[in-house]
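User: Hi! Could you walk me through this structure and its ligand site?
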Amino acid sequence: MLKINNIETWYDLIRALHGISFEVKQGDIVALLGSNGAGKSTTLKTIMRLLYDLKEEQPEKGTIEFMGERIDRKNTDEIVRMGISYVPEGREVFPELSVLENIMMGAYTRRDRKKIKDDIDHVFDHFPILKARKDQEAGHLSGGEQQMLAIGRALMSRPKLLMLDEPSLGLSPLLTRDIFTIIRDINQKDGVTILLVEQNVNMALKYANFAFLMENGRIVRAEKPEILREDEDVKEFYLGIAKETSVKGYQRYRRKVRFR
Ligand code: ATP
């Protein structure tokens, strides 16, 4: 469904993505994992073409294909119309607009007004709390509710692929589980493919069908979650369940991933 081939993205003189390639298959929940600054958010922004107002065209190299069509030189609106929707890190809801107005903003690429009403109801089915708060200002919602609103808004463009950047950021463990359950529902019941950036590796590996691990702007592992969950290095450095964490151990791990 989505094919990233050798893309390279720069912030001025800093190369954030060093020729990364990966594929997202239709129907999957795919997790993009890695430590701070690995390049996960940059990857999603590159796919959405949110960085092309930088001096250079982004990505500088490589191609991105969605449903068999090149999208790496299209603009963001066209990409949304083709069926990719994106929930940025930090949600970015419009705080002074109501919940309902925020949801409607997600339908900005659409002209089919009658179906928009049905889709709002469908968003409320996923998130009943948003229905109860539909007339409240979005800025007054809790962090978890704002995350729900951001996902609900993203669903309004009827995506085939939904990309989420850190949906669990700042949420309690309980709310994180709720959000992940809803993400799985959206995947299984609505048939929406999911590409998920997450720092909560434990949670992401529970819900994903496939995972890519990024380090320093490169993809260093591409594995099924059950394999990563049992991997001693991943346990130690991403799941924090090692017997002991040592500087030497970390250096050994970095040498290993560099040569993979
Ligand atoms: P995080 O979870 O901390 O957001 P990440 O894996 O999403 O990490 P990115 O935000 O994609 O990482 O950052 C990748 C690299 O690009 C980092 O070295 C970062 O410092 C750099 N970078 C990101 N955004 C910018 C920017 N606007 N200007 C300059 N450098 C940037």
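This is a predicted model: local features need pLDDT of at least 70, side-chain atom pairs count only at pLDDT 80 or more; totals for chains, interfaces and linings use all residues.

User: Great. Which residues come nearest to the ligand?
Analyst: Gly37, Gly39, Lys40, Ser41 and Thr42, out of 13 residues around the ligand; a residue counts if one of its heavy atoms lies within 4 Å.

User: And which helix gives the most to that shell?
Analyst: Helix H1, residues 40-48, with three residues. Helices here are DSSP runs (H or I, at least four residues), and strands are E runs of at least two.

User: What about side-chain polar contacts?
Analyst: With N or O pairs within 3.5 Å as the cut-off, a ligand oxygen is 2.4 Å from a side-chain N or O atom of threonine 42. For serine 41 the distance is 2.7 Å, and for asparagine 36 it is 3.3 Å. The protein covers 61% of the 630 Å² of accessible area that the ligand has on its own (Shrake-Rupley, 1.4 Å probe).

User: Switching topic: how many helices and strands are there?
Analyst: The protein has 11 helices and 10 strands.

User: How much of the protein is buried?
Analyst: Buried residues, those under 20% relative accessible area (1.4 Å probe, protein chains only), make up 51% of the 260 residues.

User: And its dimensions?
Analyst: The C-alpha trace spans about 60 × 40 × 30 Å along its principal axes.

How values were computed. Residues are numbered from 1 along each chain as its sequence is written. Side-chain values use heavy atoms; hydrogens and water are left out. A polar contact is a pair of N or O atoms within 3.5 Å; within protein, one must be able to donate a hydrogen and the other to accept it, and residues adjacent in sequence count only if both atoms are side-chain atoms. Buried means under 20% relative accessible area, exposed over 50%, partly exposed in between (1.4 Å probe, protein chains only).
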